[in-house]
Amino acid sequence: RISTMIDVFLYFGIDSEKDLSDITSILNVEPSVQCNAESLVFRTLGLQAQRRSWTLKEQLVNNGVKQMTIDDFFKKYPSILEKKNLLSQMGKMRIRLSIISLYGQFLYHLTPQETEVLSVLNIPVEISVFSYGRCEE
């Protein structure tokens, strides 16, 4: 299902003008990353965040080896699904799957169960692909 030499991360985020600590309280989970509008997001370039955001990040695949599924993510953080209506009032929710590969070619498979749990949230799903551009012969 998954070619080797890839990493996959799942991010659940909320962009909000409200107090980000309220999101932490609602979910009873500390964010992996929290950015205020003045936060530096790329320190080496001196770029500041364009929005205030609260984000959870988990690695689904590490070097081609599955660590957790999307279902596992939502089992680990059940309050996301349980409190989705309240969270939607806090700001714009999003899911991002970030796929990173040494090679330009890869395959990542979503099961019907995974697409179903994503559809229950009824929020945008972003897919980010980054490749280091190597090729297998």
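This is a short exchange on how terms are applied to a predicted model.

The model is predicted, so local features need pLDDT of at least 70 and side-chain atom pairs count only at pLDDT 80 or more, while totals for chains, interfaces and linings use all residues. Residues are numbered from 1 along each chain as its sequence is written, and side-chain values use heavy atoms, with hydrogens and water left out.

User: What makes Phe73 and Phe74 an aromatic pair, and which kind?
Analyst: Rings of Phe, Tyr and Trp (its six-membered ring) pair if their centres lie within 6.5 Å; planes under 30 degrees apart are stacked, over 60 edge-to-face, the rest tilted. The count by this rule is two aromatic pairs. Phe73 and Phe74 lie 5.1 Å centre to centre, with 80° between the planes, so the pair is edge-to-face. Ring pairs link Phe73, Phe74 and Tyr77 into a cluster.

User: What about Phe74, buried or exposed?
Analyst: Phe74 has 4% relative accessibility and therefore counts as buried. Of the 137 residues of the protein, 40% count as buried.

User: How do you know where Lys57 lies relative to Phe9?
Analyst: The test requires NZ of Lys or CZ of Arg within 6 Å of the ring centre and within 35 degrees of the ring normal. Lys57 is at 4.7 Å from the ring centre of Phe9, and lies over its face.

How values were computed
Buried means under 20% relative accessible area, exposed over 50%, partly exposed in between (1.4 Å probe, protein chains only).
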